[in-house]
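This briefing moves from one local pairing to the fold as a whole. Please keep the sequence and the structure in view while reading.

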Amino acid sequence: MSTQPMVKAEGIHKRFGRLEVLRGIDLTVQAGEVTCLIGPSGSGKSTFLRCINHLEKIQAGRLWVDGELVGYRQQGDRLYELKESEVARKRAEIGMVFQHFNLFGHMTALQNVIEAPCLVKRAKRGEAITRATELLGRVGLAEKLHVYPSQLSGGQKQRVAIARALAMEPKLMLFDEPTSALDPELVGEVLDVIKGLAADGMTMLVVTHEMGFAREVADTVVFMDDGVVVESGPPEAVLGNPQHARTQDFLGKVLA
Amino acid sequence: MSAAPAPAGDRAGAVSSEEITAVPVRHPGRWVAGAVIALVVAIVVHSAVTNPRFGWSTVGDYLFSHRIIHGLLLTLLLTVVAMAIGIVLGVLIAVMRLSPNPLVSGFGGFYVWFLRGTPVLVQILFWFFISALYPTISIGIPFGGPEAFHFGANAVITPFVAAILALGLNEGAYMAEIVRAGILSVDEGQGEAAQSLGMTRLQTMRRIVLPQAMRVIVPPTGNETISMLKTTSLVSVVAYTELLYSAQLIYSVNYQQIPLLIVVSIWYLVVTTILSIGQYFLERRFGRGSSRTQRETLVQRVWRYAFPRHEGGMT
Ligand SMILES: Nc1ncnc2c1ncn2[C@@H]1O[C@H](COP(=O)(O)OP(=O)(O)O)[C@@H](O)[C@H]1O
Ligand SMILES: [Mg+2]
């Protein structure tokens, strides 16, 4: 493996109309590491995650995934926008898991997982099914292959969503508050799956409010507020001994 | 009210196991309304039977006559082809209207505005007389380039072609609005999840969004089909021998207008009824969850009464 970071962000700015949501984000995620992104609601965490797979366009700054510029090609000092198909190909290498699961409602768990490999990677259907069955087994849903999302619990839905993302064999996984929509007793089963991925060396960027999880799994914790990174470092430092007043204030509220 | 209520838990157990035998509320209004309606129906039926000018025997003579059945088949053909064109165009225009490209979405908007803003009867006549505007149609390089094909518009724009173009293009505008509403009803997160997996916009539309939009698209499409069946009668103005014009040709000779119009109405009713039954099944298939909020149509009620649904029968 090369030593170049999996994600490198420099001075990312993002505006929605007049509202400046990201105001110069600098952040690095090393390959094989787990980074937890924490911060108050509205601070721009989801927006930043969406920028990484180009679901949102940035207005200033540079963003690289695995050494390649996101959304653009650089020639000399000119930037050329990538074609839709090129953007799609890059997105296929980045897995994303959403707060509200976003499972395809008209497909069974198995169909959800094989859809993108068959359509995007042109995988053979039989092989895709074998692989999907294996993945669903790994997240503890071997019994639920032919069940529609509406018949699954929140925790089960989120585990299918994780399997669906893994089926594309991503080199980076983005999680946007994967447990925030879950009943408290279902949080653990999803976090366990994510911990398993961390143990396997998957590179992950996880937006979360689960401080216990961040402390246990994260290599780096990044605290964001109001569109900027306020503080980042190992969990013991950021969570155990925060330096900035805003971090202390936030942790005081969350941990209270 | 003044008496102290009995303690709640006291008698509940003993009373609740008894079956309730209460005197039902009387509805005198219903009986009065029923009587009035029965009277009106009786008057209408009586006049229909006793008034010889209804010409019921003529109705019987023509109901299955060759020309009427032929007209009926052409009406069905027009309906099917125009709806097929309308649905395909509708999906296309709806996707165009939702495109991020302002030119493409602008064209979609213009299309809907233009074709919904003019009467379909005018559009039928317009297509029929298009040869006055463009006497010849040629396929080749535009703006004076060489031509590969070349033929007279009069030969190409038959009444059938004019009818299909007018009805299909017009229906496309209405279907576009229906499809657009369907697409917008699908949660945005579905598209985002699909795109994050590497699907392109079109793949996302085809595999993820449209299938889920069907729930919203199918019921009004049934209505459009029924409406189209009847709209095809407008095509009689360009002398296309669909059901109505076939009848008109007959009564222009034998002057039996009313009986032949009754024949025509009977056939429209028969086909509409069949389509309504089909629509009921389509809605049951696609409209799960949303059908509760709609009032059942008469056909649905009759059907449900005649064939009660079994528990867990259809999934
Ligand atoms: N598509 C959008 N259009 C306009 N404003 C948006 C959009 N998405 C997010 N925002 C705004 O950006 C800010 C940051 O949102 P978000 O990234 O979702 O924060 P977080 O995930 O940290 O709670 C919020 O004020 C939100 O209202
Ligand atoms: Mg968020």
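Predicted model: local features only at pLDDT ≥ 70, side-chain atom pairs only at ≥ 80, totals over all residues.

**A hairpin and its chain**

Val222(A) stands opposite Ser232(A), a residue of β12(A).

**The hairpin**

- Strand β11 of chain A, which covers residues 220–225, runs antiparallel to strand β12 of chain A, residues 228–233, and the two are joined over 5 bridges.
- The two strands, β11(A) and β12(A), form a hairpin with 2 residues between them, and in this turn Asp226(A) has a positive phi of about 55°.
- In a regular strand, side chains alternate between the two faces of the sheet.

**Overall fold**

- Chain A contains 9 helices and 12 strands, and its C-alpha trace spans about 50 × 50 × 40 Å along the principal axes.
- Because a compact globule of 256 residues would have a radius of gyration near 18 Å, the value of 18 Å for chain A agrees with that expectation.
- Among contacts in chain A with a separation of 6 or more, 65% are between residues 24 or more positions apart.

**Burial, surface and charge**

- Of the 256 residues of chain A, 52% count as buried, while the accessible surface of the chain comes to about 11500 Å², with 46% of that area belonging to carbon and sulfur atoms.
- Chain A carries 30 positive and 32 negative side chains, and the centres of these two sets lie 7 Å apart.

Key
Residues numbered from 1 in each chain as written. Chains lettered and ligands numbered in written order. Heavy atoms only, no water. Helix = DSSP H or I, 4+ residues; strand = E, 2+ residues; numbered from the N terminus. Rg over C-alpha atoms; globule rule 2.2 N^0.38 Å. Buried < 20%, exposed > 50% of the residue type's maximum accessible area, 1.4 Å probe, protein only. Contact = heavy atoms within 4.5 Å. Areas by Shrake-Rupley, 256 points an atom, 1.4 Å probe, with all protein chains shown as cover. Lys, Arg positive; Asp, Glu negative; His and termini not counted. Charge placed at Lys NZ, Arg CZ, Asp CG, Glu CD. Pairing = 2+ DSSP bridges.
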